[in-house]
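Hello,

Here is the structure I promised to pass on to you. Have a look at it first, and then read on for what turned up.

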Amino acid sequence: MSEAALRETLDRQYGTVQRSDWQGMHSFYSPRCQLAWPSDRVAAAAESEYRGRDFSGPEQYLITMNGSVATVVVKSFDGKGTMEPMTWSFINGSWVYDAC
C-alpha cells in the first residue's frame, strides 16, 4: 500500500498508453469501475482522449496518500493532459483507478 507501489502501477498504466493498448486500460480499474465501464467503453474513451498525443517521454505524478486511498495528479509529457485529480484505491492487494 506504499506510494512506491502506486508509482509502479501508474508507470505500468502509462506503458499501456504508450503502446496504445486501450483494452488494457480496463485492467487498471477497480472492480466497481470495471462493472460501470465495460472494456470496450474504456477503450473507446481512451482512444478518443489520447489520439494524436505524444507519450514518448515520462509523466510526472503528484500523489497525496490517505491510507488506502490516493489522489493522483498527472503532468503529461506533452503538456496536453487535464491535470485533474484522480482517485486510486488499494483494493485486494493492488492499486486501482477508482474514480468512476
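In what sense do strand β3 and β4 pair, and over how many bridges? This is a predicted model, and in it β3, residues 86–91, pairs with β4 in the antiparallel sense over four bridges. Within that pairing, I91 stands opposite S94 in β4.

Now for the sheet as a whole. Four strands make up an open sheet in the order β1-β2-β3-β4, with antiparallel pairing. β1 (60–66) and β4 (94–97) are the edge strands, each pairing on one side only. On average, neighbouring strands of the sheet are turned by 30° against each other, direction ignored.

β1 and β2 are joined in the antiparallel sense over seven bridges, and N66 has V69 in β2 as its bridge partner. These two strands form a hairpin with two residues between them, and G67 in the turn has a positive phi of about 70°. β2 and β3 are also antiparallel, over four bridges, with T71 opposite T87 in β3.

Next, the helix on the sheet. Helix α1 (residues 3–18) lies across β1, β2 (69–75), β3 and β4, and runs at about 140° to β1. At 1.5 Å a residue, its 16 residues should span 22 Å, which agrees with the 22 Å between its end C-alpha atoms. Which residues of α1 are buried? They are L6, T9, L10, Q13, Y14, G15, T16 and V17. The cover over the buried residues of α1 includes α3 (39–50) as well as β1, β2, β3 and β4. Just after α1, S20 takes a positive phi of about 55°.

The structure holds six aromatic pairs. In one of them, the ring centres of Y50 and F55 are 5.5 Å apart and the planes stand at 90°; as planes over 60 degrees apart count as edge-to-face, this pair is edge-to-face. Both Y50 and F55 are buried. Together with Y14 and W22, Y50 and F55 form one aromatic cluster, and Y14 is also among the buried residues of α1. Elsewhere, R41 lies over the face of W37, at 4.0 Å from the ring centre.

Best wishes

Conventions:
Residues are numbered from 1 along each chain as its sequence is written. This is a predicted model: local features need pLDDT of at least 70, side-chain atom pairs count only at pLDDT 80 or more; totals for chains, interfaces and linings use all residues. Side-chain values use heavy atoms; hydrogens and water are left out. Rings of Phe, Tyr and Trp (its six-membered ring) pair if their centres lie within 6.5 Å; planes under 30 degrees apart count as stacked, over 60 as edge-to-face and the rest as tilted. Buried means under 20% relative accessible area, exposed over 50%, partly exposed in between (1.4 Å probe, protein chains only). A charge sits over a ring if NZ of Lys or CZ of Arg is within 6 Å of the ring centre and within 35 degrees of the ring normal. Two strands pair if DSSP finds at least two bridges between them. Axes are lines fitted to C-alpha atoms, for helices over the stretch in contact, and angles run from 0 to 180 degrees between N-to-C directions. Contact means heavy atoms within 4.5 Å. The expected span of a helix is 1.5 Å times one less than its number of residues.
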